[in-house]
Amino acid sequence: MLRLNSEPRKNWKQLAAEYGFGFHTMYDEPYWDETAYYQFTLKQIEEDLEEPTREIHEMCLEIVDVVVRDEYWLKRFQIPQSMWQGVLDSWKRREPSLYSRIDLAYDGRGPAKFYENNADTPTSLFETGFWQWFWLEDLVNSGKLRRDSDQFNLLQELMMARFQELARLQPGQTLHFSCCKDTEEDRGTVQYMQDCAIEAGLKTKFVHIEDIGVTRDGEFTDTQDNLIRWMFKLYPWEFMFQEDYAKHLDTAKVNWLEPMWKSVLSNKAILPLLWEKFPNHPNLLAAYFSDDPKLKQLKNSELKDHVIKPLFSREGANIQVVRDQELVLDTDGPYGEEGHIIQAFHPLPKFGDNYTLVGSWLINDEPAGISIREDSSLVTQDMSRYLPHIILD
């Protein structure tokens, strides 16, 4: 695994404007960064990233099957009691999923270490599925990369195939897409997914989360009063559960992407359960609930260096890093009231001045590609840069 400098395409910003990539720069700071790229061998991709991704995902699904059937764990996961039956029913019906992303620390040598599961509302789909592939094609065609340069990136192809498969389960149904207002990145991600769905032959509509209406019968509607029967939402389930319309989820008759059982899979409370069920697995980090009585002893030995994570934290918010029992990093954010887990500290690999995180994607439970984010900080956050990658032996 190498980080190699690269000359940016002279016209890349013009191309970004043509393809609707408006969030390549945010707050005057670069988000998309093609001044460098990461190079992997095929063996690193297949053995160190692809197969562990598949295995970690399957282990996580085993934990979901335990949690949804146990009131104790549903409480620990901070899922409202009024939603327990809906979450269980969603899992029992095996309501279909579209995608997930797991975050890994990987330096090209040792086993990749699993940080957390972004199974409900992962972003950077456009950058991964389309834009970095477009970058690769441009550099190969211009002779700046060897013609045998490849990329672990089946994301767009598999997503379109998955949309076609899901459409057969919802014959003739319109798929509504939704995200919050005033979020250019989320809107760009959802627009890309909607474009893929249209290309796959689906009928689609868009409605902002804030504009979802409720009929007298407790059904959901868009701004044209069309009933919503099938919806992809880039909006976390833990937020949905707090909305005024949450009480209508039972009557709304909506088939959700992602399904309600993803509220368990995306919750960081899954990390202690994974460690308990699969202790010392080479891809897992030790993890415990913050009130586990074993922690006092562990913090004096194995967990002297550790990370404190809220159950619902996203984009690196409210993460605390403790080294030698001293707080060395504390990120801002709105999370924490829901409780925390403690995870063993395993720093991201550093390439030059950059800490590097690998996001490993799944479509329909199958590994589908990777994304690379880097930052000068140990914690990857929403403004961390996105860099492309290649495979070359």
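How many residues of strand β19 are buried?

1. Strand β19 (residues 354-363) is mostly covered, with 10 of its 10 residues buried; buried here means under 20% relative accessible area with a 1.4 Å probe and protein chains only. The model is predicted, so local features need pLDDT of at least 70 and side-chain atom pairs count only at pLDDT 80 or more, while totals for chains, interfaces and linings use all residues. Residues are numbered from 1 along each chain as its sequence is written, and side-chain values use heavy atoms, leaving out hydrogens and water.

2. Both faces of β19 are covered. Asn-354, Thr-356, Val-358, Ser-360 and Leu-362 point one way, Tyr-355, Leu-357, Gly-359, Trp-361 and Ile-363 point the other way, and all are buried. Strands are DSSP runs (E, at least two residues) and helices are too (H or I, at least four residues), numbered from the N terminus.

3. Strand β5 (residues 99-105) runs antiparallel to β19 and is joined to it by 6 bridges. Gly-359 of β19 is the bridge partner of Asp-103. Two strands pair if DSSP finds at least two bridges between them.

4. Strand β18 (residues 350-351) is also antiparallel to β19, with 2 bridges, and Lys-350 stands opposite Tyr-355. β18 and β19 form a hairpin with 2 residues between them, and Gly-352 in the turn has a positive phi of about 65°.

5. On to strand β20 (residues 366-375): 9 bridges join it to β19, and the two run antiparallel.

6. Helices α5 (residues 125-141) and α7 (residues 184-199) pack at an angle of about 55°, their axes 9 Å apart. Axes are lines fitted to C-alpha atoms over the stretch in contact, and angles run from 0 to 180 degrees between N-to-C directions. The angle makes α5 oblique to α7 (under 35 degrees is roughly parallel, over 145 roughly antiparallel, 65 to 115 roughly perpendicular, the rest oblique). Contact, meaning heavy atoms within 4.5 Å, is made by Leu-125, Phe-126, Glu-127, Gly-129 and Phe-130 of α5 and by Glu-185, Thr-189, Tyr-192 and Met-193 of α7.

7. An unreviewed UniProt entry places "domain: Glutathionylspermidine synthase pre-ATP-grasp-like" at residues 12-391; such annotations may be inferred rather than shown by experiment. The span is 31% helix and 24% strand, and its end C-alpha atoms lie 22 Å apart.

Terms used
Buried < 20%, exposed > 50% of the residue type's maximum accessible area, 1.4 Å probe, protein only.
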